[in-house]
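Reader: I'd like to go through this one with you. Can you put it up?

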Amino acid sequence: MLKKMQLKNGMDVFLFKSTKAPVVSTRVWVKTGSADEKKGEEGLSHFIEHLVFKGSKNLNVGDAAKKIEGSGGQLNAYTSFDETVFHVTQHKDEFEVGLEVLSEMLGYPTFDATEVDNEREVVLEEIKRTQDNPSREASRLMFSTVYKKHPYGIPVIGYAKNISDVSNEQIRDYFNRRYVPENMFLVISGDFEMTEAKKSVRKYFEPIPKRRLKKVVREKEPEQKRTRIKVKQTDFKQNMINLSFPIPKITHKDIAALDMLAMVLGQSESSLFNKILRLEKEVVRYAYSSMFASKDKGFFNISLSVDKEKINEALEELIPVFEVFFSGEWDKEIIEVSKASLRSDEIYPYETVDGISRKIGYYEYNFKDPEFSKKYLDTVSELSVKEVYKAFKKYLVPEKLSLSILSENKEEILNDAAKDWIKKYRKFYKDLKIKSGTQELSAKKAKKIKALKNAKTVETTEEVLPSGVRLYVRQTQEIPVVSVRLAALGGVRIEPRDKGGLSELTTLAWGKTTPSFDEDELAKFVELKSSSISTFCGKNTNGLSMTTISPYFGEMFDLYLEALLNPVFNDRIIAREKHLMKQGLLQQQDNPAQMCIKQFMAKMYPGHPYGRNSMGSQESLDSITKADIESFYKNIFASKRLSLCLSGDVKQLDTVKEKIDIAFKNWKGQEDRLKKNKPENITSDLTAFTELQKEQSHILLGYDGITIESKDKFALDIMQAVLAGQGGRLFLELRDKNSLAYSLSPMRMDALDAGFFGAYIACSPEKGKKAIEMILQEFDKLTQNQIGANEMNRAKKYIIGKYHIELQKNSAFTSSILFNDIYGVSSKEVFEYKNNIMNVQAKDVQKLAERIFSQPKVMSAIGKVCPW
């Protein structure tokens, strides 16, 4: 199924055919990243990732994105320490366009001096954006503590001074010595004809000239011989602890045992960290263990997110978890959960062509074997518990520990906490003995499940069952995955005004326990089946989702119905989730973009549920009782519109229908929640500004928009597409030409009672005023002139292509069908979307723009200075 070829210039090509959807993914791996940069070049790999979008031999600035988006595709890239990857996803009929564009970008970039200078400003904005992010700051602190000499200790994005100073000559030199065909490989997956694909690849990529690859010798990290501590006091409300231990590179024989150790300790709901630290002791918001396993030596990491008052307590409780682990008195089915997670990696990626190409590329790059995952699973299956214990003892050595803490607390307090814990860990480690006579990890035989089958999708069926539930089913057997989703009208829209956060809290407490399972048992049962069950809520809805592998569908659907209709609301779970929500409210200050949006909504919809913070307030959360939650849950099912959608490899459909009818036999929803609750009309321009000492200002300006059932939504889709994407007007004018921002996009909400349309931008404070002026100019252009034929065509193809790409996943399909139905919109719109978009005319978009942008506007900003 997977084919390999090599071009004359030395580039390897991998082709994987899948006819599940009429979509193709094309990815180019460049085997160079930030760790290959010389001193003074830090950030250059990432900068070049940006610059190859800015013009080539046959493409002007913006043409790459325009061609891809104009052919219904999506184009993007990313840079890491070891690699830079460029990827296109598009309809199969436009497959060659992606090859043409990627070959131009990676074979013949021009690095025009003016465009280089313009993009400098964009990257500098991106650097500022990372400095406002607590997770990024904690990550930088961690890597710089672990690596003192190796380039992994330097941020991939580099340093502002380097980006400001790097010359065109340096850029070209780096590109010419690293972006050479033998240092790149191409992965194509999806619905294509093999012979034609090979021919097209040769046409576009073989002419790229061979150049000499300049090998890089990275500076090695010296062996760590003593514990390192690095702490930093910040204004962020999130407090993060990282405990990091050096490990070998990704191809080392011990990686499998370390991977299993990470999974057992902290990579699932069933893991020891989650069960003990989060659920039993309640000393962390989350506790996670992982490996940074890469081309060079990496590290094993334990990451804790805690309240600032619980840093000492969280650290104190870590060693007892280690003691439980080595005692052997823990549920060995955690091992089965871990293996199930690895097995699922042989199935779920095949839902999308991007998942397939990403998987092939990852294993080819790291192991020189695109199908290595199967061998790796076999290796893990043969491990013994003793080997996992030995991996802990061998690598989690106190003298090799790097402990970093990012917190609101004073650095003196943090240092004392770190030193105190290290003393206790040294004693634990010194006394540590591994028991002899340990067994294999598991003697259980896992079900063998084939990831791909030759099968065609059948037509979607729709019916109202005798119970009154509206059921939609799409059966497709190519991938053994099933998605189930039920929703009802509810959400913040039906919350009592004095019980803010009730919908969110109900959602968090729902689905954790049932009459048959406590929280731990339920999590383990689900994870053993490589499945997930999750609740969701929004401004208008509440519901429950499930994704599973088809051989387990029967058992999982029974549990799904039990969790849906017979939840047990546990007092301890409610108290825990309420506390986490309160902490979440404080941490919203760490996310200025989110603050800006919430401030906008409050100004746009005063007195209406849409204007409220879905997390409520400290006071409203305190007022919510278990009885409130149980009452709200019952109220969800009072809606007379209840819709259930299944998509995927659904077995025994008649039995499924029977189970649904039995489960819902007593359901009597009568309340019509489609009735409008319109917010107050805005009669004049409104503004809201909050001063916050951040590197960037965050601005959202918008106007009254449309409701979800409006027939204008297709014209609004066109308007949004004209403005959006790398080929859209906002990107080209504000980012490409004026370098105002890294992050900007049109923003929109279509809801039951109201909607809005506008634009969001994050930029340096001194650029805020100009950014607002230019956004308003772009909106005004839409009212003054009709969109030209070429631009209309690009927008339509972009929208339709994006729609097909998104619907590859069963879960995306269930969402589309389900939400249309409960909002009173015909489910047929999902299948008629292309025609509805193609029928929109330029005059329709102009007319809608005139209506929207002639109204009073609302502007929200968060930052150091007010931008108006």
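Reader: In what order do the 5 strands of the open sheet run?
Author: The order is β18-β22-β19-β21-β20, with mixed pairing. This is a predicted model: local features need pLDDT of at least 70, side-chain atom pairs count only at pLDDT 80 or more, and totals for chains, interfaces and linings use all residues. Residues are numbered from 1 along each chain as its sequence is written, and side-chain values use heavy atoms, without hydrogens and water.

Reader: What counts as a strand, and as a pair?
Author: Strands (E, at least two residues) and helices (H or I, at least four) are DSSP runs, numbered from the N terminus. Two strands pair if DSSP finds at least two bridges between them.

Reader: Which are the edge strands?
Author: β18 (686-691) and β20 (743-750). Each pairs on one side only.

Reader: How do β19 and β21 pair?
Author: Antiparallel, over 8 bridges, between residues 697-704 of β19 and 755-763 of β21. Gly702 stands opposite Gly758 in β21.

Reader: Which helix packs on the sheet?
Author: Helix α25 (residues 713-723) touches β20 and β21 (contact: heavy atoms within 4.5 Å). Its direction makes about 175° with that of β20. Axes are lines fitted to C-alpha atoms, for helices over the stretch in contact, and angles run from 0 to 180 degrees between N-to-C directions.
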